[in-house]
4 protein chains.
Amino acid sequence: MTAQAPLDRWEHRVEWPLAVVAVVFLIGYSVDVLEQPHGLTAQVVRVLTALCWGAFALDYAVRLWLAPDRWRWFYRHLLDLAIVALPLIRPLRLVRLVILITVLQKAVGNAIRGRVVVYTFVGAALLVYVASLAVLQAERDDPSAGITTFGQALWWSITTITTVGYGDEYPVTTTGRIIAALLMIGGISLVGSITATIASWIVQRVAEEDTTAQAATVEHIEDLRSEIRALRAELGQLTARTSAT
Amino acid sequence: MTAQAPLDRWEHRVEWPLAVVAVVFLIGYSVDVLEQPHGLTAQVVRVLTALCWGAFALDYAVRLWLAPDRWRWFYRHLLDLAIVALPLIRPLRLVRLVILITVLQKAVGNAIRGRVVVYTFVGAALLVYVASLAVLQAERDDPSAGITTFGQALWWSITTITTVGYGDEYPVTTTGRIIAALLMIGGISLVGSITATIASWIVQRVAEEDTTAQAATVEHIEDLRSEIRALRAELGQLTARTSAT
Amino acid sequence: MTAQAPLDRWEHRVEWPLAVVAVVFLIGYSVDVLEQPHGLTAQVVRVLTALCWGAFALDYAVRLWLAPDRWRWFYRHLLDLAIVALPLIRPLRLVRLVILITVLQKAVGNAIRGRVVVYTFVGAALLVYVASLAVLQAERDDPSAGITTFGQALWWSITTITTVGYGDEYPVTTTGRIIAALLMIGGISLVGSITATIASWIVQRVAEEDTTAQAATVEHIEDLRSEIRALRAELGQLTARTSAT
Amino acid sequence: MTAQAPLDRWEHRVEWPLAVVAVVFLIGYSVDVLEQPHGLTAQVVRVLTALCWGAFALDYAVRLWLAPDRWRWFYRHLLDLAIVALPLIRPLRLVRLVILITVLQKAVGNAIRGRVVVYTFVGAALLVYVASLAVLQAERDDPSAGITTFGQALWWSITTITTVGYGDEYPVTTTGRIIAALLMIGGISLVGSITATIASWIVQRVAEEDTTAQAATVEHIEDLRSEIRALRAELGQLTARTSAT
């Protein structure tokens, strides 16, 4: 436990700074794709994006350095390496933003189902927005592309993540199709999370419905145990009295 | 508890009147979209719709006024405000109609799974109908629209809510696409509810199947407790007899 | 219990005869749609179909007659009436065929999950086959129809029930679209059943995995109870001995 | 138990050799479809594929021979016979490769949910790859086919298994459509597995969340039992003492 402490302390300390970096990265990425800036703005965006990349790379290096068993950590965090190294999946850095959800949780409370709902909706919204940006960047320069505006990209993302897939718009480039595949996997997980949350709620309500069919809980067992303890105390008194005679 | 009483009493009292207002609104909305009335009918519909809007706005104002902590209530009911203020999501007022389901519940009974099934089917039917009206109103004046009759709108709604999405018809306007996105989220929840209900049923049946693997219930614990109480009574008698000698 | 006995006896007695009638109806329906017979064959098919209809109508009438509370039975079996009265949903008579599944169950055993899997697969196969026949009959005479052969109808049914919905083929007539809607609802239930079966299996396996986290079962409670009974017997002996001295 | 031993021993012994044969078959199949080889390479591939077929046929024959009740085994392994006999479903031999997953499991551990996730992802990836090869082979020579390159086949597989189904590409041959149907069933199971894993996780977390609502576990029952045993020991001592006086 103490051996892992420096890594834990680092991860706790950079949680919020990295979320800020992710927000900056998201803004830079949005401006880059939506505005297609020239001149000074383009340079600012380029520098900002590079700085964000640097922050994530530094975080990766420090965490690898602090890990007690580096090979093990390296194998278990191959995705983190890929996010730093591969330009294509750079937007995945935005998963750092889930920490912003902790702000929302004050309203929702700490109940696990409430948290799953919040993560699902915020995660889905972020996924749709980022996938729209990424697919727009990948597609718009292709002559046979159907997705050429952000509105079309957003509409395509929503029909894809919900697995409706009208087919009025779809990516035609390899990059766009890789983004689409990731979005579809996200869509399946989204459907899964919603279904699972409803299922968990129904299972619990069905169990509560009928007292005679309720699962025995730790509370009931504790009640029983206190009864047995009282019994034992009485027996102890009896034993004491018997030996006194 | 007593502090919240006036708000609770108000909400209980206006439950049925608001359901009636929602039915009137639904009829007005249907006539408006399907008949595209002129002259007197158009004016009647306009007045009726305005009155319904007034009733909902009044209800919102009264509830905000009666709430013990108004800021908190305001934050937690932003959706209610949006339903009153934004014309686009006006049809969401129809969620008030779910109270009509209580009439259906007499046949279904109070079991939680039966209620989930009724809510899912009635909710899905209402959602399909209203989404068809809304998308028809949004699309039919667009020159590139494919959805121009109510039959097409209904067919599109059904293929969308089930996430089949043939793509023979799809909305092309921004308003239509926002309605589509809401319908898709409804479709995912619909699939989720059906799956969850089946899952809950199977889990329960599997548990019932094998007595030796049945989860211990409160009933079993109660049986145990009465045994221990009998034991304690016997011991009490013994103690009394011992102290008597 | 005794009041409902005649109805129960009738339903039990006609179970297999009605399944045979359903098979005859299925064959007649298949020949009618696939062969589009003329002359004598057409007449034989027409007579057979009429006889099947008569058998189902008779069964409905007898059951209504035998029901202890006829109004109640009438309300609860509106779907049965619709199957007899409405030509469009005639194929639903084939749900009688599920009884044939009992033959398959010898291989599967009586476990609830095995039965759900068998019902799901046999039901899905039957649904796909009947929906293909029905949509082919509804569509093929329409000049704008894409579904004109049984192969196309079958392919369309499969893409629809799995909610994939490529959109290369889709119904264009009202009858075809009603069949499609029923098939989609079937598809959602199919997906739901498969998911629910897997979920139930995982939940059970997770519970079995870790003994200390296993839910207490009736068996454990029975063990406890026999311990308490032994304790009580010993105490009884002690009491007897004490009163003997 | 001893009667089935030779069959069990054989199956255990050929597990890894058959996985190697499956890998060779996968490579041969990939080269055959992707390279469309001529001359010597084509002959090597043909011989390799025939050898693989021979190995699977031999395995089937030996297992049938070793089975204690051959008819029963024959009925329960009709799918195995079909895999050996029907060229169309030859790729199903690759299910043998799931044994390679045991290598991956060292990293994942033995927890049932971790294993379901690994099986789902590896199985889905293998299914997508093999379905892409099979559909490409079936479609590319058809003049009306849309799927003519491996990239298109892969894109089609992914949109199909996730049930998105844009409809920009779809099989037109009968063979291709049978492959598509199998892939869709795989897609539904994939969605089901992911949903079920999430559901199981949420159900467990919800149960852990609130101690007073936790299901009683075997551990709690064991605690109770040791209390009762202590009680019984004390009572035994008391009895001994009473009889001593």
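**Close-up 1. Salt bridge between B:D80 and B:R63 in the predicted model.** The side chains of B:D80 and B:R63 meet in a salt bridge with an N to O distance of 2.8 Å; a salt bridge is a side-chain nitrogen of Lys or Arg within 4 Å of a carboxyl oxygen of Asp or Glu. B:D80 belongs to helix 4 of chain B and B:R63 to helix 2 of chain B, so the pair ties together parts that are 17 residues apart in sequence. Helices are DSSP runs (H or I, at least four residues), numbered from the N terminus. B:D80 is partly exposed, at 21% relative accessible area, whereas B:R63 is buried at 6%; buried means under 20% relative accessible area, exposed over 50%, and partly exposed in between (1.4 Å probe, protein chains only). The model is predicted: local features need pLDDT of at least 70, side-chain atom pairs count only at pLDDT 80 or more, and totals for chains, interfaces and linings use all residues. Residues are numbered from 1 along each chain as its sequence is written, chains are lettered from A in the order in which they are written, and side-chain values use heavy atoms, with hydrogens and water left out.

**Close-up 2. Salt bridge between B:D59 and B:R63.** The side chains of B:D59 and B:R63 also form a salt bridge, at 3.0 Å from N to O. These two residues are 4 residues apart in helix 2 of chain B, a separation of about one helical turn. An α-helix has 3.6 residues a turn, so residues three or four places apart point the same way. B:D59 is buried, at 4% relative accessibility.

**Close-up 3. Buried residues of helix 4 of chain B.** In this helix (residues 78–85), B:A82, B:I83 and B:V84 are buried. The buried residues of helix 4 pack against helix 2 (39–66) of chain B, where contact means heavy atoms within 4.5 Å.

**Close-up 4. Salt bridge between C:D59 and C:R63.** The side chains of C:D59 and C:R63 meet in a salt bridge of 2.9 Å, N to O. Both residues lie in helix 2 (residues 39–66) of chain C, 4 residues apart, about one turn of the helix. C:D59 is buried at 3% relative accessibility, and C:R63 is buried with a relative accessible area of 7%.

**Close-up 5. Salt-bridge network in chain A.** Salt bridges that share partners join A:E11, A:D59, A:R63 and A:D80 into one network. Over all chains, the structure holds 18 salt bridges.
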